[in-house]
Structure formats: C-alpha cells, structure tokens
Amino acid sequence: MAPNEETKKIYYFSKEGKENLKRVIDIVREWVIDYGYNKVVVFTADGEGPLRLREAIPAEKAKVVAVSFPAGQVFRWKNEDGTIIEKTPKVSDPSIREAMEKSGITLARGPMPLEDILIPNVADPKTEAIKQTFRLFAGSMSLCVQAILMACDTGAISEGEDVIAMASDTAIVARSSSTRYMFHPSRGLIVREILCKPRHYDISRKG
C-alpha cells in the first residue's frame with residue numbers, strides 16, 4: 001500500500017430503515033474511539049438516535065448534536081379510509097427534550113435546507129435536484145447532509161470542521177459548512193467518507 005493510501009471498512013445493510021440504528025451507533029462509536037472524531041450530528045424525529053448514541057459514547061469523547069424538523073412541524077397523510085392523519089415529531093415532547101438536555105445533547109431545529117418554501121403550485125427544481133442526487137447514494141444521505149448544514153446554521157458546530165453525521169441507517173464523515181456556503185469552492189461541504197449505508201432501497205425508492 002502506498003504511503004498516501006488507507007484502508008477502512010464501509011458497512012452495507014441489506015435494506016433501509018430504523019432497524020439498522022443499533023448497528024449504525026456501534027459503527028459511529030468505533031470511529032469516535034479509533035479516529036478521534038469529537039462531534040457527531042444526528043438527524044432525528046423522535047430523539048432516540050442521539051439518546052442511544054449518548055449512552056454508547058461518553059460525553060468527554062464526543063459532543064452529540066441532535067438535529068430535527070422545525071418547531072411546529074406537522075406531518076399529514078391520508079389513511080386507507082381517506083381520513084387525514086396528523087402527527088408531530090416526538091422530539092417536540094418536552095420530556096424527550098429534557099432527557100437530551102440532561103444527557104448534554106445539543107438540540108438544533110430549523111427549516112430543512114433542501115425543502116421548498118411553500119408556494120401553492122410552485123416547486124423549486126434546484127433544491128429537489130440536490131436532494132435527489134444525495135438519494136442516489138442512500139435515502140438518508142440527504143438527511144445527514146442537511147443535519148450538518150442545520151447544525152452549522154444554528155451555531156451548534158463550527159464551519160470547516162470534520163464531523164460525523166448519521167441517520168437511522170446511514171453515517172458519513174464530512175467537512176461541515178453552513179447552508180449558504182454549501183457549494184463554495186473553499187468553504188463548502190465535502191463528504192469525506194461513507195461509514196455505512198443501505199445497499200438495497202425499499203423505502204426511499206425501489207432497488
């Protein structure tokens with residue numbers, strides 16, 4: 001092996017989903033311990049990921065930042081009988097936020113950088129193209145990237161530092177950036193390494 005080469009493992013899951021969360025946490029813990037990364041950004045809707053990660057990684061080893069949907073976010077969908085179902089992210093529950101605070105987890109919430117501003121019958125093809133490009137690598141890849149952007153935008157992490165970002169079935173190492181400078185030639189976000197991802201897609205797409 002040449003002096004400028006390095007071999008590391010990438011883990012592939014047989015399918016997408018939260019059932020991979022435990023293994024993702026194990027993998028992230030290995031990278032924190034073995035390679036010294038001291039900041040982990042976790043995209044979460046219910047707080048489970050960052051809380052379980054905090055149990056696996058002592059506070060002196062790494063700062064954990066939980067990133068979630070903006071306050072007031074409501075998900076709506078139609079049930080089979082046509083009724084409208086509404087649900088808010090569990091991270092809005094005061095008891096979950098209190099548990100994260102007691103565990104030393106920083107919570108960052110705000111608008112998703114790659115989601116459209118709601119204008120009736122108008123979509124932004126640029127942000128949708130960016131989001132779909134990340135999904136070529138993994139359905140949760142866009143969540144990992146947006147988590148880093150949002151963490152920088154809110155000041156939870158600084159721009160330009162290498163951090164680990166994870167969702168329920170995907171984890172990466174990336175140089176952090178704010179949303180504004182995402183594509184900047186010298187200050188922009190760079191995905192340095194993929195730690196784990198699904199190999200087959202059964203939620204975000206089929207294949």
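## Report on a predicted protein chain

Ala 71 is found in the loop between strand 3 and strand 4, the latter covering residues 75-78. Helices here are DSSP runs of H or I with at least four residues, and strands are runs of E with at least two, both numbered from the N terminus. The model is a predicted one, in which local features need pLDDT of at least 70 and side-chain atom pairs count only at pLDDT 80 or more, while totals for chains, interfaces and linings use all residues. Residues are numbered from 1 along each chain as its sequence is written, and side-chain values use heavy atoms, with hydrogens and water left out.

### The chain as a whole

The protein chain has five helices and nine strands, and along the sequence these elements follow the pattern β-α-β-α-β-β-β-α-β-α-α-β-β-β. The radius of gyration of the protein chain is 17 Å, which agrees with the value near 17 Å for a compact globule of 207 residues; this radius is taken over C-alpha atoms, and the globule rule is 2.2 Å times the number of residues to the power 0.38. Along the principal axes, the C-alpha trace spans about 60 × 40 × 35 Å.

Of the 207 residues, 41% are buried, where buried means under 20% relative accessible area, exposed over 50% and partly exposed in between, with a 1.4 Å probe and protein chains only. Contact means heavy atoms within 4.5 Å, and among contacts between residues at least 6 apart in sequence, 63% join residues at least 24 apart.

### Two nonpolar cores

A nonpolar core is a set of buried Ala, Val, Leu, Ile, Met, Phe, Trp, Tyr and Cys residues joined through side-chain atoms within 4.5 Å. The largest such core has 29 residues, and those with the most contacts inside it are Val 41, Val 65, Val 67, Ile 148, Ile 157 and Ile 172. Strand 2 (39-43), strand 3 (63-68), helix 5 (141-153), strand 7 (162-166) and strand 8 (171-175) each supply at least two residues of this core, with helix 5 giving the most, at nine residues. Apart from this core lies another, of 26 residues, among them Leu 53, Val 91, Ile 96 and Ala 171.

When residues up to four places away in sequence are not counted, Val 65 touches Val 40, Val 41, Val 42, Thr 106, Ala 108, Ala 151, Ala 156 and Ile 157.

Val 24 is found in helix 1, which covers residues 21-35, and is buried, with a relative accessible area of 0%. Not counting residues up to four places away in sequence, Val 24 touches residues that include Phe 13, Met 166, Ala 171 and Cys 196.

Met 141, found in helix 5, counts as buried at 2% relative accessibility. Leaving aside neighbours within four places in sequence, Met 141 is in contact with Phe 134, Thr 170, Ile 172 and Ile 194.

| Pair | Apart along the chain | C-alpha separation |
|---|---|---|
| Val 24 and Ala 151 | 127 residues | 20 Å |
| Ala 71 and Pro 120 | 49 residues | 22 Å |
| Met 141 and Ile 172 | 31 residues | 8.3 Å |
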